[in-house]
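Student: Please show me how the words used for a structure follow from their definitions.

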Amino acid sequence: MASSVAWGIDVGRSSLKAVKIRNIKGELEIEELHYLQYDKVAPGLDVTNASRQALDELISTVGLKKIKRDAIAVCLPGQTAFCRFLELPPVDEKKIDETIALEAKQQIPFPIENVNWGYHKIERDYEPGEQVEVGIFAIKKDAVQDFVNELRGQGLEPELLTIAPLALYNFATFDCKTGGGAIMLDIGADQTNLVIIDGERLWLRNLPIAGNDITKSLQDKFQIPFKEAEKLKKNARKSSNAKKIFSVMQPVLKDFLSEVQRSLGFYKSKQKKAKLSRILLTGNGTKLFNLSSYLGKELDYKIRRIQQLNHFSIDPDADMELLKNHLPAFSVAFGLAIQAVGAGKANVNLLPQSVVTRHTIQQKAPLIFAGAALMLIGAILYFFIQDKRLTDIETRISDRLKSRVFKSIVDADEDLEDTIGELKAPMQTIEELELLVSERLWPMEIAQKLGQVIPDGSALPWRDPVAPDNRAAIPPELPPDQPTAWLVAADTAMKALDGTKTWVLGLTVERKADGGHRYYEVHLAVARAKGTRSEIELLSAIKSEVARGIEGAFGFPEGQEVDTGSQKTISLLYKDAPPGAANFYQVEFVWGYPVNTWLEAKSQDN
């Protein structure tokens, strides 16, 4: 289940990149960026300890609670994964999961129970009878568990784990101009990811040559420490010996070029109609002096280095200078966040299925609570309406039957057929009564079942905010008819509560009549802890999770006012935080429902 806000965290071999993205109705906004270079935040440490130190600094800068509030997406290098692209025979869409599972067992060179795996179906227009293209991706469970344990040790719980090449594919298809077909080369410290975007088709390969190989060539040639060689590589453009430095790099670049050409040749041999027009360069290795011009000269493709974003909006508070200086390094982190907020084309998640399911349930918990509360309200309302309606019908039937029987005795000489005709109406009413009697206990059964899943004391109007089991409680020193005073008293305790927790302040059901229409008016008052959410976020969440849930449950047409004569929608009365309780928002819902609506609906169902 996609989140509206997510962190994409790329723990690389030389630096850590983190980006926070918000999905606003399909528009993605960059809210935060962080770039932590290991040789600066943790000089002298090995990669494992340096990456831990970088994570510590990220958490210290942003705040652990703030990061954990949103979804977290991470990745492992492409070289740790098994990738295989297959063509499946035409199969019914309902059986595609089963078919791919069988293929995975045959293709993955490890026992299937020892890997986490997923697949990506190439979504394109297939001709009738054409084979379906899929990519299968698998990582050993031990590798996934070790990485996840490292993150958990830092206090982070990822909701999504994929591989770096798929994150690059999501970034390229969302933001880059591919011209219908492109090759993305992501040159990192110790590996290069080659990703082909051929229309809707995806193909990838991990190349063994990267930035550190060039650094080692300089180290060997000039007999200098690795750090000095790395510095020489980064500053070659400004050096007076730039040509000499590049000549030392050139043999490694030729090997790199050969790997790229070999990969492209293999892909084109499989896809005869491939139309690849450009190469997109990304990653810190693309800063290498003269690289773009060298590749452009040796390869028959347009070379484009990622230097701008095309489809993101950027929060004014985001670090624009950081983005400008290190944009190519953020491609993987961008791709991770894009997938986490539901905007990615490849949605492979290689976390254990139990972890994915747990996160999905946690995200849906507020909706489940709102749905249970609505069902309980509906059951109570249905019971009151049916009970009163049943009593009225019983009385009416009794009176009408007495009248008919008396008339039949007095007018015994009238035509028998006329008498039978006169009895049709009360007989229909009797059948209606029998229907109601048979269903009379139904709402009570629903209410009983709902009571089993709603926390103890949920029917009371106030709850103790600090009780671990959230049981109902009214402070003895405060009168029970002052919920606002109770909220003020609890305001300090509420600051630490999550913004998704909601309390029922009151529920009233009142029978009314207006212009000959009988109806029930229901008032539901709730309070929600503000937590760290903004006013806009909080009101939007209440509206979408509570108000729209009620509208959907009762089938009310959206956007209409309450009408006592026919079935209409809920009217919302939004209120600001109570005086002295700035960490709360109080909301009141009120709606009307005609007395006869439930009976008519039930009769139609039968």
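Student: Which residues of α7 meet which residues of α9?

Tutor: Asp-213, Ile-214, Ser-217, Leu-218, Lys-221 and Phe-222 in α7 meet Lys-244, Ile-245, Val-248, Met-249, Val-252 and Leu-253 in α9. The residues of this contact comprise 8 nonpolar, 1 polar and 3 charged. Contact means heavy atoms within 4.5 Å. Ala, Val, Leu, Ile, Met, Phe, Trp, Tyr, Cys and Pro count as nonpolar, Asp, Glu, Lys and Arg as charged, and the others, Gly among them, as polar.

Student: What kind of model is this, and how are the residues numbered?

Tutor: It is a predicted model, in which local features need pLDDT of at least 70 and side-chain atom pairs count only at pLDDT 80 or more, while totals for chains, interfaces and linings use all residues. Residues are numbered from 1 along each chain as its sequence is written, and side-chain values use heavy atoms, with hydrogens and water left out.

Student: How many helices and strands are there?

Tutor: The protein has 19 helices and 18 strands. Helices (H or I, at least four residues) and strands (E, at least two) are DSSP runs, numbered from the N terminus.

Student: At what angle do the axes of α7 and α9 cross?

Tutor: Helix α7 (residues 211-222) and helix α9 (residues 242-270) cross at roughly 125 degrees, and their axes come within 9 Å.

Student: What makes α7 oblique to α9?

Tutor: That angle makes α7 oblique to α9. Angles under 35 degrees count as roughly parallel, over 145 as roughly antiparallel, 65 to 115 as roughly perpendicular and the rest as oblique. The axes are lines fitted to C-alpha atoms, for helices over the stretch in contact, and angles run from 0 to 180 degrees between N-to-C directions.

Student: Why are α7 and α8 called roughly perpendicular?

Tutor: Helices α7 and α8 pack at about 110 degrees, with their axes 8 Å apart. The range for roughly perpendicular is 65 to 115, and α7 and α8 are therefore roughly perpendicular to each other. Residues in this contact include Ile-214, Leu-218 and Phe-222 of α7, and Phe-226 and Leu-232 of α8. The contact residues divide into 6 nonpolar, 4 polar and 3 charged.

Student: How do you know that Gln-223 is exposed?

Tutor: Its relative accessible area is 66%. Buried means under 20% relative accessible area, exposed over 50%, and partly exposed in between (1.4 Å probe, protein chains only), so Gln-223 counts as exposed. Gln-223 lies in the loop between α7 and α8 (226-234). Its phi is near 50 degrees, a positive value in a residue other than glycine.

Student: How much of strand β7 is covered?

Tutor: Strand β7 (residues 132-140) is mostly covered, as 8 of its 9 residues are buried. In the protein, buried residues make up 45% of the 606 residues.

Student: How do you know that β5 and β7 pair?

Tutor: Two strands pair if DSSP finds at least two bridges between them. Strand β5 (residues 82-88) and β7 have 7 bridges in the antiparallel sense, so they pair. Strand β6 (residues 115-121) and β7 likewise pair in the antiparallel sense over 7 bridges. Phe-82 has Ala-138 in β7 as its bridge partner, while Tyr-119 stands opposite Ile-136 in β7.

Student: In what order do these 3 strands form their open sheet?

Tutor: The order is β5-β7-β6, with antiparallel pairing. β5 and β6 stand at the edges, each with a single partner strand, so one side of each has no neighbour in the sheet. Neighbouring strands here are turned by 20 degrees against each other on average, direction ignored.

Student: What is the order in the open sheet of 6 strands?

Tutor: The order is β8-β4-β1-β2-β3-β14, and the pairing is mixed. The edge strands, each pairing on one side only, are β8 (160-163) and β14 (312-314). Strand β4 (residues 71-76) runs parallel to β8, joined to it by 4 bridges. Leu-76 has Ile-163 in β8 as its bridge partner.
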